[in-house]
Amino acid sequence: MLPNVLRDARRIVVKVGSSLVTNEGRGLDEQAIGEWSRQLAALVRGDGATRREVVMVSSGAIAEGMKRLGWTARPSEIHELQAAAAVGQMGLAQMYETKLREQGMGSAQVLLTHGDLAHRERYLNARSTLLTLLRLGVVPVINENDTVVTDEIKFGDNDTLGALVANLVEADALVILTDQKGLYTADPRRDPAAQFVHEARAGDVALEAMAGGAGSSIGKGGMITKILAAKRAAGSGASTVIAWGREPDVLMRLAQGEAIGTLLVAQTAKQQARKQWMADHLQLRGSVSVDAGAAAKVRDEGKSLLPIGMVAVEGEFSRGDVIAVRDTEGREIARGLANYASAEARLLCRKPSAEIERLLGYIAEPEMMHRDNLVLTGGAKPQAAVAAAALQG
(Lines give C-alpha, C1' and ligand atoms only; values in the text may rest on other atoms or scores of the structure.)
Protein backbone atom coordinates (compact mmCIF):
# COMPACT_ATOMS: atom_id res chain seq x y z
CA MET A 1 0.00 0.00 0.00
CA LEU A 2 1.18 3.51 -0.72
CA PRO A 3 1.24 4.94 2.82
CA ASN A 4 1.21 8.57 1.72
CA VAL A 5 -2.21 8.36 -0.02
CA LEU A 6 -4.18 8.65 3.22
CA ARG A 7 -1.41 10.08 5.32
CA ASP A 8 -1.09 13.11 3.05
CA ALA A 9 -4.83 13.54 2.39
CA ARG A 10 -6.13 16.84 3.73
CA ARG A 11 -9.77 16.47 2.70
CA ILE A 12 -11.42 13.07 3.18
CA VAL A 13 -14.90 11.73 2.50
CA VAL A 14 -15.89 8.82 4.76
CA LYS A 15 -18.83 6.64 3.73
CA VAL A 16 -20.34 4.11 6.12
CA GLY A 17 -23.01 1.57 5.13
CA SER A 18 -26.42 0.67 6.52
CA SER A 19 -25.40 -2.71 7.91
CA LEU A 20 -22.73 -1.10 10.06
CA VAL A 21 -24.75 1.95 11.10
CA THR A 22 -27.76 -0.13 12.14
CA ASN A 23 -25.94 -3.23 13.43
CA GLU A 24 -27.41 -5.44 10.69
CA GLY A 25 -30.82 -3.78 10.92
CA ARG A 26 -31.27 -4.08 14.67
CA GLY A 27 -31.36 -0.29 15.13
CA LEU A 28 -28.82 2.52 15.18
CA ASP A 29 -25.56 1.29 16.68
CA GLU A 30 -24.86 4.01 19.22
CA GLN A 31 -21.47 2.64 20.21
CA ALA A 32 -20.24 2.37 16.61
CA ILE A 33 -21.48 5.83 15.63
CA GLY A 34 -19.88 7.21 18.78
CA GLU A 35 -16.57 5.59 17.85
CA TRP A 36 -16.59 6.94 14.30
CA SER A 37 -17.54 10.37 15.64
CA ARG A 38 -14.59 10.29 18.04
CA GLN A 39 -12.23 9.56 15.16
CA LEU A 40 -13.80 12.17 12.88
CA ALA A 41 -13.41 14.79 15.59
CA ALA A 42 -9.78 13.80 16.18
CA LEU A 43 -9.02 14.12 12.47
CA VAL A 44 -10.63 17.57 12.27
CA ARG A 45 -8.81 18.77 15.39
CA GLY A 46 -5.56 17.29 14.16
CA ASP A 47 -4.87 15.35 17.35
CA GLY A 48 -1.19 14.50 17.20
CA ALA A 49 -0.96 15.22 13.47
CA THR A 50 -2.20 17.47 10.67
CA ARG A 51 -5.74 18.84 10.75
CA ARG A 52 -8.08 17.32 8.18
CA GLU A 53 -11.37 18.34 6.63
CA VAL A 54 -13.81 15.44 6.80
CA VAL A 55 -17.22 14.81 5.26
CA MET A 56 -19.31 11.88 6.50
CA VAL A 57 -21.68 10.12 4.09
CA SER A 58 -23.88 7.87 6.16
CA SER A 59 -26.49 5.34 5.13
CA GLY A 60 -28.98 4.09 7.67
CA ALA A 61 -32.13 6.21 7.43
CA ILE A 62 -34.20 3.60 5.61
CA ALA A 63 -32.88 0.77 7.76
CA GLU A 64 -33.60 2.71 10.96
CA GLY A 65 -37.05 3.60 9.65
CA MET A 66 -37.75 -0.06 8.89
CA LYS A 67 -36.84 -0.95 12.45
CA ARG A 68 -39.03 1.78 13.92
CA LEU A 69 -41.93 0.74 11.69
CA GLY A 70 -41.49 -2.93 12.54
CA TRP A 71 -40.63 -4.04 9.01
CA THR A 72 -38.32 -7.04 8.69
CA ALA A 73 -37.77 -6.91 4.90
CA ARG A 74 -36.73 -3.95 2.78
CA PRO A 75 -39.76 -2.81 0.75
CA SER A 76 -39.62 -2.40 -3.01
CA GLU A 77 -42.30 0.27 -3.39
CA ILE A 78 -40.76 3.74 -3.67
CA HIS A 79 -43.37 5.42 -1.41
CA GLU A 80 -42.70 2.89 1.34
CA LEU A 81 -38.94 3.47 1.06
CA GLN A 82 -39.58 7.21 1.27
CA ALA A 83 -41.75 6.77 4.34
CA ALA A 84 -39.10 4.64 6.04
CA ALA A 85 -36.45 7.23 5.22
CA ALA A 86 -38.56 10.04 6.66
CA VAL A 87 -39.01 8.14 9.91
CA GLY A 88 -35.42 6.96 10.17
CA GLN A 89 -33.67 10.19 9.18
CA MET A 90 -34.83 11.84 12.41
CA GLY A 91 -32.99 9.32 14.56
CA LEU A 92 -29.94 9.15 12.29
CA ALA A 93 -29.33 12.91 12.34
CA GLN A 94 -29.93 13.12 16.07
CA MET A 95 -27.49 10.32 16.79
CA TYR A 96 -24.65 11.91 14.81
CA GLU A 97 -25.36 15.34 16.28
CA THR A 98 -25.26 13.93 19.80
CA LYS A 99 -22.10 11.90 19.35
CA LEU A 100 -20.18 14.66 17.54
CA ARG A 101 -21.28 17.23 20.14
CA GLU A 102 -19.92 14.94 22.86
CA GLN A 103 -16.56 15.33 21.10
CA GLY A 104 -16.89 19.11 21.02
CA MET A 105 -17.54 19.05 17.28
CA GLY A 106 -20.26 20.83 15.32
CA SER A 107 -22.29 18.86 12.79
CA ALA A 108 -24.64 19.62 9.90
CA GLN A 109 -27.21 17.49 8.10
CA VAL A 110 -27.09 17.70 4.30
CA LEU A 111 -29.55 15.74 2.15
CA LEU A 112 -28.77 15.48 -1.57
CA THR A 113 -30.24 13.97 -4.71
CA HIS A 114 -28.64 13.19 -8.05
CA GLY A 115 -30.50 16.19 -9.45
CA ASP A 116 -28.69 18.49 -7.03
CA LEU A 117 -25.35 17.51 -8.52
CA ALA A 118 -26.49 17.28 -12.15
CA HIS A 119 -27.94 20.80 -12.13
CA ARG A 120 -25.17 23.39 -12.47
CA GLU A 121 -26.60 25.99 -10.08
CA ARG A 122 -27.55 23.49 -7.39
CA TYR A 123 -24.15 21.81 -7.79
CA LEU A 124 -22.44 25.13 -7.16
CA ASN A 125 -24.71 25.90 -4.21
CA ALA A 126 -24.09 22.49 -2.64
CA ARG A 127 -20.34 22.85 -3.16
CA SER A 128 -20.28 26.34 -1.62
CA THR A 129 -22.25 25.17 1.41
CA LEU A 130 -20.05 22.13 2.04
CA LEU A 131 -16.80 24.07 1.64
CA THR A 132 -18.09 26.72 4.04
CA LEU A 133 -18.97 24.06 6.62
CA LEU A 134 -15.50 22.53 6.29
CA ARG A 135 -13.86 25.93 6.68
CA LEU A 136 -15.87 26.43 9.87
CA GLY A 137 -14.64 23.12 11.28
CA VAL A 138 -18.09 21.53 11.11
CA VAL A 139 -18.56 17.88 10.06
CA PRO A 140 -21.23 17.59 7.34
CA VAL A 141 -23.25 14.36 7.62
CA ILE A 142 -24.69 13.61 4.18
CA ASN A 143 -27.35 11.16 3.10
CA GLU A 144 -29.46 10.79 -0.02
CA ASN A 145 -32.73 12.69 0.25
CA ASP A 146 -34.78 9.49 0.02
CA THR A 147 -38.03 11.24 0.96
CA VAL A 148 -38.22 13.12 -2.37
CA VAL A 149 -36.29 11.03 -4.89
CA THR A 150 -37.83 8.96 -7.66
CA ASP A 151 -36.35 6.07 -9.61
CA GLU A 152 -35.04 8.51 -12.21
CA ILE A 153 -32.94 10.60 -9.83
CA LYS A 154 -31.89 8.10 -7.13
CA PHE A 155 -28.19 7.58 -6.61
CA GLY A 156 -29.12 3.95 -6.05
CA ASP A 157 -26.63 3.43 -3.25
CA ASN A 158 -24.58 5.60 -0.94
CA ASP A 159 -21.28 4.28 -2.34
CA THR A 160 -22.10 6.24 -5.48
CA LEU A 161 -23.17 9.21 -3.36
CA GLY A 162 -19.84 9.07 -1.52
CA ALA A 163 -17.95 9.20 -4.81
CA LEU A 164 -20.04 12.08 -6.12
CA VAL A 165 -19.45 14.01 -2.92
CA ALA A 166 -15.72 13.33 -3.24
CA ASN A 167 -15.92 14.83 -6.73
CA LEU A 168 -18.00 17.74 -5.47
CA VAL A 169 -15.62 18.87 -2.73
CA GLU A 170 -12.44 17.75 -4.54
CA ALA A 171 -11.49 15.31 -1.79
CA ASP A 172 -8.05 13.75 -1.71
CA ALA A 173 -9.42 10.39 -0.62
CA LEU A 174 -12.64 8.41 -0.22
CA VAL A 175 -12.85 5.89 2.62
CA ILE A 176 -15.66 3.33 2.32
CA LEU A 177 -16.29 1.54 5.60
CA THR A 178 -18.11 -1.75 5.14
CA ASP A 179 -18.75 -5.10 6.83
CA GLN A 180 -15.96 -6.76 4.83
CA LYS A 181 -12.19 -6.51 5.31
CA GLY A 182 -11.84 -5.27 1.74
CA LEU A 183 -11.80 -6.71 -1.77
CA TYR A 184 -11.03 -10.36 -2.58
CA THR A 185 -10.39 -12.01 -5.93
CA ALA A 186 -13.61 -14.00 -5.31
CA ASP A 187 -16.25 -14.29 -2.62
CA PRO A 188 -14.28 -15.73 0.34
CA ARG A 189 -17.49 -17.16 1.81
CA ARG A 190 -17.80 -19.45 -1.20
CA ASP A 191 -14.27 -19.81 -2.52
CA PRO A 192 -11.57 -20.82 0.00
CA ALA A 193 -8.91 -19.97 -2.60
CA ALA A 194 -9.96 -16.30 -2.73
CA GLN A 195 -7.02 -13.92 -2.28
CA PHE A 196 -7.18 -10.57 -0.54
CA VAL A 197 -6.48 -7.54 -2.77
CA HIS A 198 -4.28 -5.10 -0.89
CA GLU A 199 -3.86 -2.59 -3.68
CA ALA A 200 -5.05 -2.08 -7.26
CA ARG A 201 -5.70 0.62 -9.80
CA ALA A 202 -9.09 2.32 -9.52
CA GLY A 203 -11.02 1.72 -12.72
CA ASP A 204 -9.28 -1.56 -13.57
CA VAL A 205 -12.00 -3.61 -15.33
CA ALA A 206 -10.63 -6.82 -13.80
CA LEU A 207 -11.85 -5.61 -10.40
CA GLU A 208 -15.48 -5.70 -11.47
CA ALA A 209 -15.27 -9.42 -12.23
CA MET A 210 -14.05 -10.02 -8.68
CA ALA A 211 -16.88 -8.13 -7.01
CA GLY A 212 -19.75 -10.58 -7.26
CA GLY A 213 -23.36 -9.95 -6.31
CA ALA A 214 -25.48 -7.45 -4.47
CA GLY A 215 -25.38 -6.34 -0.88
CA SER A 216 -27.30 -7.38 2.19
CA SER A 217 -31.03 -7.27 2.79
CA ILE A 218 -30.46 -4.08 4.79
CA GLY A 219 -28.23 -2.19 2.37
CA LYS A 220 -28.58 -1.96 -1.39
CA GLY A 221 -24.98 -1.99 -2.54
CA GLY A 222 -22.30 -4.63 -2.48
CA MET A 223 -18.63 -4.78 -3.43
CA ILE A 224 -19.41 -3.97 -7.07
CA THR A 225 -20.90 -0.59 -6.12
CA LYS A 226 -17.77 0.17 -4.11
CA ILE A 227 -15.49 -0.64 -7.04
CA LEU A 228 -17.57 1.53 -9.35
CA ALA A 229 -17.58 4.30 -6.75
CA ALA A 230 -13.78 4.14 -6.57
CA LYS A 231 -13.65 4.46 -10.36
CA ARG A 232 -15.91 7.51 -10.21
CA ALA A 233 -13.92 9.11 -7.39
CA ALA A 234 -10.70 8.54 -9.32
CA GLY A 235 -12.12 10.72 -12.08
CA SER A 236 -11.47 13.74 -9.88
CA GLY A 237 -8.17 12.39 -8.57
CA ALA A 238 -9.34 10.81 -5.28
CA SER A 239 -8.02 7.38 -4.28
CA THR A 240 -10.33 5.02 -2.37
CA VAL A 241 -9.85 2.70 0.58
CA ILE A 242 -12.37 -0.08 1.28
CA ALA A 243 -12.02 -1.27 4.87
CA TRP A 244 -13.86 -2.99 7.72
CA GLY A 245 -15.81 -0.38 9.64
CA ARG A 246 -15.31 -2.06 13.02
CA GLU A 247 -11.52 -2.18 12.74
CA PRO A 248 -10.25 -0.41 15.90
CA ASP A 249 -9.24 3.20 15.19
CA VAL A 250 -9.53 2.52 11.46
CA LEU A 251 -9.74 6.16 10.39
CA MET A 252 -6.91 7.30 12.65
CA ARG A 253 -4.65 4.46 11.55
CA LEU A 254 -5.38 5.06 7.87
CA ALA A 255 -4.57 8.74 8.33
CA GLN A 256 -1.25 7.73 9.88
CA GLY A 257 -0.41 5.73 6.75
CA GLU A 258 -1.15 2.22 7.99
CA ALA A 259 -2.10 -0.35 5.36
CA ILE A 260 -5.68 -1.39 6.16
CA GLY A 261 -8.21 -2.80 3.73
CA THR A 262 -7.98 -2.44 -0.04
CA LEU A 263 -6.48 0.66 -1.62
CA LEU A 264 -7.73 1.57 -5.11
CA VAL A 265 -5.35 4.20 -6.43
CA ALA A 266 -6.41 7.06 -8.69
CA GLN A 267 -4.11 7.31 -11.68
CA THR A 268 -4.65 11.03 -12.26
CA ALA A 269 -3.64 13.67 -9.73
CA LYS A 270 -6.49 15.74 -8.29
CA GLN A 271 -5.35 19.02 -9.83
CA GLN A 272 -4.82 17.48 -13.26
CA ALA A 273 -8.21 15.77 -13.17
CA ARG A 274 -10.08 18.94 -12.33
CA LYS A 275 -8.15 20.95 -14.90
CA GLN A 276 -9.04 18.44 -17.62
CA TRP A 277 -12.70 18.38 -16.54
CA MET A 278 -12.96 22.16 -16.60
CA ALA A 279 -11.02 22.68 -19.82
CA ASP A 280 -12.27 19.85 -22.02
CA HIS A 281 -15.65 18.53 -20.91
CA LEU A 282 -17.85 21.53 -20.24
CA GLN A 283 -19.75 23.43 -22.93
CA LEU A 284 -19.39 27.21 -22.81
CA ARG A 285 -22.58 29.25 -22.35
CA GLY A 286 -21.10 32.74 -22.65
CA SER A 287 -18.11 34.87 -21.72
CA VAL A 288 -16.89 37.89 -19.78
CA SER A 289 -14.25 40.28 -21.02
CA VAL A 290 -11.79 41.65 -18.49
CA ASP A 291 -9.34 44.52 -18.36
CA ALA A 292 -5.57 44.08 -18.50
CA GLY A 293 -5.19 44.13 -14.73
CA ALA A 294 -7.77 41.42 -14.14
CA ALA A 295 -6.34 39.33 -16.98
CA ALA A 296 -2.90 39.47 -15.38
CA LYS A 297 -4.29 38.52 -11.96
CA VAL A 298 -6.11 35.50 -13.37
CA ARG A 299 -3.52 34.43 -15.93
CA ASP A 300 -0.24 35.12 -14.14
CA GLU A 301 -1.11 34.94 -10.43
CA GLY A 302 -3.90 32.35 -10.31
CA LYS A 303 -6.33 34.75 -8.64
CA SER A 304 -10.12 34.64 -8.64
CA LEU A 305 -11.99 36.88 -11.08
CA LEU A 306 -13.62 39.83 -9.29
CA PRO A 307 -16.48 41.89 -10.77
CA ILE A 308 -14.45 45.08 -10.72
CA GLY A 309 -12.17 43.68 -13.45
CA MET A 310 -15.01 42.83 -15.86
CA VAL A 311 -15.74 45.20 -18.75
CA ALA A 312 -18.36 43.31 -20.81
CA VAL A 313 -20.59 40.22 -20.77
CA GLU A 314 -21.60 38.13 -23.79
CA GLY A 315 -24.22 35.40 -24.09
CA GLU A 316 -26.98 34.30 -21.75
CA PHE A 317 -25.99 32.03 -18.87
CA SER A 318 -27.10 31.05 -15.38
CA ARG A 319 -25.25 30.71 -12.12
CA GLY A 320 -23.16 27.55 -12.33
CA ASP A 321 -22.81 27.59 -16.12
CA VAL A 322 -19.36 27.36 -17.68
CA ILE A 323 -18.21 30.57 -19.34
CA ALA A 324 -15.00 31.89 -20.86
CA VAL A 325 -12.81 34.71 -19.63
CA ARG A 326 -11.43 36.85 -22.46
CA ASP A 327 -8.85 39.60 -22.51
CA THR A 328 -9.38 43.02 -24.14
CA GLU A 329 -8.44 41.57 -27.53
CA GLY A 330 -10.99 38.75 -27.33
CA ARG A 331 -8.53 35.94 -26.60
CA GLU A 332 -9.73 33.25 -24.20
CA ILE A 333 -7.43 33.05 -21.20
CA ALA A 334 -9.54 30.89 -18.86
CA ARG A 335 -12.92 29.29 -18.30
CA GLY A 336 -14.88 28.31 -15.24
CA LEU A 337 -18.16 28.28 -13.33
CA ALA A 338 -20.02 31.58 -13.07
CA ASN A 339 -21.20 32.63 -9.62
CA TYR A 340 -23.76 35.01 -11.16
CA ALA A 341 -26.11 34.86 -14.13
CA SER A 342 -25.42 36.98 -17.22
CA ALA A 343 -28.03 39.62 -16.38
CA GLU A 344 -26.53 40.03 -12.92
CA ALA A 345 -22.97 40.00 -14.27
CA ARG A 346 -23.79 42.94 -16.54
CA LEU A 347 -24.86 44.96 -13.50
CA LEU A 348 -21.65 44.02 -11.68
CA CYS A 349 -19.17 45.06 -14.38
CA ARG A 350 -16.58 47.52 -13.02
CA LYS A 351 -18.15 47.34 -9.55
CA PRO A 352 -16.30 46.40 -6.32
CA SER A 353 -17.43 43.27 -4.50
CA ALA A 354 -18.65 45.40 -1.60
CA GLU A 355 -21.39 46.71 -3.93
CA ILE A 356 -22.82 43.30 -4.93
CA GLU A 357 -25.50 43.10 -2.25
CA ARG A 358 -26.67 46.67 -2.87
CA LEU A 359 -26.91 46.09 -6.63
CA LEU A 360 -28.51 42.62 -6.59
CA GLY A 361 -30.24 42.50 -3.23
CA TYR A 362 -28.14 39.51 -2.18
CA ILE A 363 -24.59 38.20 -2.39
CA ALA A 364 -23.77 34.62 -3.41
CA GLU A 365 -20.00 35.01 -3.55
CA PRO A 366 -17.63 38.02 -3.63
CA GLU A 367 -16.10 36.69 -6.89
CA MET A 368 -17.54 36.25 -10.36
CA MET A 369 -15.41 33.10 -10.60
CA HIS A 370 -13.54 31.59 -7.69
CA ARG A 371 -10.08 30.28 -8.53
CA ASP A 372 -11.15 26.79 -7.39
CA ASN A 373 -13.71 26.79 -10.23
CA LEU A 374 -11.46 28.36 -12.87
CA VAL A 375 -8.80 26.91 -15.15
CA LEU A 376 -6.40 28.55 -17.57
CA THR A 377 -6.88 27.71 -21.24
CA GLY A 378 -4.34 29.89 -23.00
CA GLY A 379 -1.88 32.74 -22.92
CA ALA A 380 -0.28 31.99 -19.55
CA LYS A 381 3.35 32.13 -18.63
CA PRO A 382 4.48 28.50 -18.14
CA GLN A 383 5.42 28.79 -14.48
CA ALA A 384 2.45 30.94 -13.59
CA ALA A 385 0.10 28.59 -15.43
CA VAL A 386 1.09 25.73 -13.16
CA ALA A 387 0.39 27.82 -10.08
CA ALA A 388 -2.91 29.10 -11.44
CA ALA A 389 -4.07 25.62 -12.40
CA ALA A 390 -3.38 24.31 -8.90
CA LEU A 391 -7.02 24.51 -7.92
CA GLN A 392 -6.84 24.28 -4.19
CA GLY A 393 -9.65 22.69 -2.21
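Tutor: What follows is a discussion of the terms used for this structure and of the values behind them. This is a predicted model, in which local features need pLDDT of at least 70 and side-chain atom pairs count only at pLDDT 80 or more, whereas totals for chains, interfaces and linings use all residues. Residues are numbered from 1 along each chain as its sequence is written, and side-chain values use heavy atoms, with hydrogens and water left out.

Student: How many helices and strands does the protein have, and what makes a run count as one?

Tutor: The protein has 16 helices and 15 strands. These are DSSP runs numbered from the N terminus, where a helix is H or I over at least four residues and a strand is E over at least two.

Student: Why is the pair of tyrosine 184 and phenylalanine 196 called edge-to-face?

Tutor: A pair of aromatic rings is described by the distance of the centres and the angle of the planes. Rings of Phe, Tyr and Trp (its six-membered ring) pair if their centres lie within 6.5 Å, and planes under 30 degrees apart count as stacked, over 60 as edge-to-face and the rest as tilted. By this rule the count comes to 2 aromatic pairs. In the pair of tyrosine 184 and phenylalanine 196 the centres are 5.1 Å apart and the planes stand at 80°, so the pair is edge-to-face. Tyrosine 184 belongs to strand β6 (residues 183–184) and phenylalanine 196 to strand β7 (residues 196–197), so the pair ties together parts that are 12 residues apart in sequence.

Student: What makes the pair of tyrosine 340 and tyrosine 362 tilted?

Tutor: For tyrosine 340 and tyrosine 362 the distance is 6.2 Å centre to centre and the angle is 50° between the planes, and the pair is therefore tilted under the ring rule. Tyrosine 340 sits in the loop between β14 (332–337) and α14 (342–348), and tyrosine 362 in the loop between α15 (356–360) and β15 (374–376), so this pair ties together parts that are 22 residues apart in sequence.

Student: What makes the link between arginine 335 and glutamate 332 a polar contact?

Tutor: A polar contact is a pair of N or O atoms within 3.5 Å; within protein, one must be able to donate a hydrogen and the other to accept it, and residues adjacent in sequence count only if both atoms are side-chain atoms. The side chains of arginine 335 and glutamate 332 are joined by such a contact at 2.9 Å. Arginine 335 is found in strand β14 and, at 14% relative accessibility, counts as buried.

Student: Which residues does arginine 10 contact beyond its neighbours within four places in sequence?

Tutor: Contact means heavy atoms within 4.5 Å, and beyond those neighbours arginine 10 is in contact with Thr50, Arg51, Arg52, Glu53 and Asp172. Arginine 10 is placed in the loop between α1 (4–7) and β1 (11–16), and its side chain reaches the backbone oxygen of arginine 7 at 3.4 Å. With 35% relative accessibility, arginine 10 is partly exposed.

Student: What makes a space a cavity, and how many of 30 Å³ or more are there?

Tutor: On a 1 Å grid over the protein atoms alone, a cavity is a set of points where a 1.4 Å probe fits but cannot get out, and lining residues have an atom within 4 Å of a point. Grid points are joined across faces, edges and corners, and a volume is the space filled by probe spheres set on the points. The count comes to 1 cavity of 30 Å³ or more, and the largest cavity has a volume of about 40 Å³.

Student: Why is the lining of the largest cavity called nonpolar?

Tutor: Ala, Val, Leu, Ile, Met, Phe, Trp, Tyr, Cys and Pro count as nonpolar, Asp, Glu, Lys and Arg as charged, and the others, Gly among them, as polar. The lining consists of Leu6, Ile12, Val14, Leu43, Val175, Leu251, Leu254 and Ala255, which divide into 8 nonpolar, no polar and no charged residues. Helix α11 (250–255) gives the most to this lining, with 3 residues.

Key
Buried < 20%, exposed > 50% of the residue type's maximum accessible area, 1.4 Å probe, protein only. 1 Å grid on protein atoms, 1.4 Å probe; cavity = no way out; pocket = protein on both sides within 12 Å on 5 of 7 lines; lining within 4 Å.
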